[in-house]
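I set out to record what I looked up in this model, entry by entry. I began with the chain as a whole and then turned to single residues.

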Amino acid sequence: METKQEIDLSVIYNIREYPDIKSGRCDHCRNAHFKSSIKNMVFLRECRHCGMMKTI
Ligand SMILES: [Zn+2]
C-alpha cells in the first residue's frame, strides 16, 4: 500500500489515477451526495459536502 495521501481540495482528481476508496463515496469526507457537471466533454463530480472534485 502506498502512504496515505492528503487530499487537496483545489485539485481536480482523475478517478483513473485516484479510484474511490469506497465506491460512490467522497474520499475526503465519505459523503455520498455529489453535484455533477460536464466540462470539456469530461464528467466532473463534486462533493456537495467538502467540494472535492473528481473527473469520472
Ligand atoms: Zn467530500
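**Entry 1: the chain**

I noted at the outset that this is a predicted model. I looked up the secondary structure and found zero helices and four strands in the protein chain. Along the sequence, I read the pattern as β-β-β-β.

I then checked the overall dimensions. The C-alpha trace spans about 30 × 20 × 20 Å along its principal axes. The radius of gyration is 11 Å, which agrees with the value near 10 Å that a compact globule of 56 residues would have. I also looked up burial, and 7% of the 56 residues count as buried. Of the contacts with a separation of 6 or more, 31% come from residues 24 or more positions apart.

**Entry 2: the sheet**

In what order do the strands stand in the sheet? I found an open sheet of four strands in the order β1-β4-β3-β2, with mixed pairing. The edges are taken by β1 (12-14) and β2 (34-39); each has a single partner strand, so one side of each has no neighbour in the sheet. From one strand to the next, the twist averages 30°.

I reminded myself that strands of a sheet pair through backbone hydrogen bonds, either parallel or antiparallel. For β2 and β3 (residues 42-47), I recorded an antiparallel arrangement joined by six bridges. Within this pair, S37 stands opposite L44 in β3, and I38 stands opposite F43 in β3.

**Entry 3: the hairpin loop**

I next examined the hairpin of β2 and β3, which has two residues between the strands. N40 is found in this loop, and M41 lies in the loop between β2 and β3 as well.

N40 is not a glycine, yet its phi is positive, at about 50°. M41 is not a glycine either, and its phi is positive at about 65°.

I placed S37 in strand β2.

**Entry 4: M53 in the last entry of the list**

I located M53 in strand β4 (residues 53-55). Which residues does M53 touch, leaving aside those up to four places away in sequence? I listed I12, Y13, L44, R45 and E46.

Why is M53 classed as partly exposed? There are 18 other C-beta atoms within 10 Å of M53, and a residue needs 20 or more to be buried, so M53 falls in between. Finally, I recorded the separation of M53 and D20, which are 33 residues apart in sequence and 12 Å apart in space, C-alpha to C-alpha.

Terms used: Residues are numbered from 1 along each chain as its sequence is written. This is a predicted model: local features need pLDDT of at least 70, side-chain atom pairs count only at pLDDT 80 or more; totals for chains, interfaces and linings use all residues. A residue is buried if 20 or more other C-beta atoms lie within 10 Å of its own, exposed if 12 or fewer, and partly exposed in between; C-beta atoms are placed from the backbone. Two residues are in contact if their C-beta atoms, placed from the backbone, lie within 7 Å. Two strands pair if DSSP finds at least two bridges between them. Axes are lines fitted to C-alpha atoms, for helices over the stretch in contact, and angles run from 0 to 180 degrees between N-to-C directions. The radius of gyration is taken over C-alpha atoms; the globule rule is 2.2 Å times the number of residues to the power 0.38.
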